[in-house]
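Me: I am new to this structure and would like to go through it with you. Could we look at it together?

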Amino acid sequence: MSDQAFNFDDPVARCARQAFGIPYLFPWQRLVIANILDSIEATDTDDAGEIDGPYDEDGALRGRQIVLLPTGAGKSLCFQLPGLARAGTTLVVSPLIALMEDQVAKLCELGLRAERIHSGR
């Protein structure tokens with residue numbers, strides 16, 4: 001993919017390119033990531049120190065979504081990229097120990113800080 005197709009002003013796309021060498025994201029990944037980032041921003045405090053709140057104007061809980069896709073479809077990027085795009089620590093809860101081990105190993109190979117906590121260690 002040419003650099004013309006890559007939006008250098010997009011911090012999520014920049015993270016995907018720099019951290020993982022991924023030249024593009026699927027539209028559904030962009031939607032999931034946007035929902036995650038929107039829900040994080042919605043619970044940030046404003047200038048007066050007030051929390052905006054986790055609910056949107058329709059009363060629905062922001063950021064709530066189900067992403068059901070086959071193994072290898074790119075779901076992990078949907079939580080890894082928002083974690084890289086924002087400062088601080090990202091906590092991901094997963095019921096699959098083998099998946100956690102694999103993902104932490106790959107992130108560490110890329111030079112990213114990652115750790116896991118589970119019953120097996």
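Reply: What follows concerns one histidine and then the pockets. The model is predicted, so to speak of local features requires pLDDT of at least 70 and side-chain atom pairs count only at pLDDT 80 or more, while totals for chains, interfaces and linings use all residues. Residues are numbered from 1 along each chain as its sequence is written, and side-chain values use heavy atoms, with hydrogens and water left out.

Me: Where does H118 lie?

Reply: H118 lies in the segment after helix 4 (97–109); helices are DSSP runs of H or I with at least four residues, numbered from the N terminus.

Me: Is H118 buried or exposed?

Reply: H118 is buried, as its relative accessible area is 13%; buried means under 20% with a 1.4 Å probe, protein chains only.

Me: Which side chain makes a polar contact with that of H118?

Reply: That of E101, at 2.4 Å; a polar contact is a pair of N or O atoms within 3.5 Å, one able to donate a hydrogen and the other to accept it, and residues adjacent in sequence count only if both atoms are side-chain atoms.

Me: Changing topic, which element gives the largest share of the lining of the largest pocket?

Reply: Helix 3 does, with 6 residues. Helix 2 (27–42), helix 3 (77–85) and helix 4 each supply at least two residues of that lining.

Me: How do the residues of that lining divide?

Reply: The lining of the largest pocket has 20 nonpolar, 12 polar and 4 charged residues; Asp, Glu, Lys and Arg count as charged, Ala, Val, Leu, Ile, Met, Phe, Trp, Tyr, Cys and Pro as nonpolar, and the others, Gly among them, as polar.

Terms used:
Buried means under 20% relative accessible area, exposed over 50%, partly exposed in between (1.4 Å probe, protein chains only).
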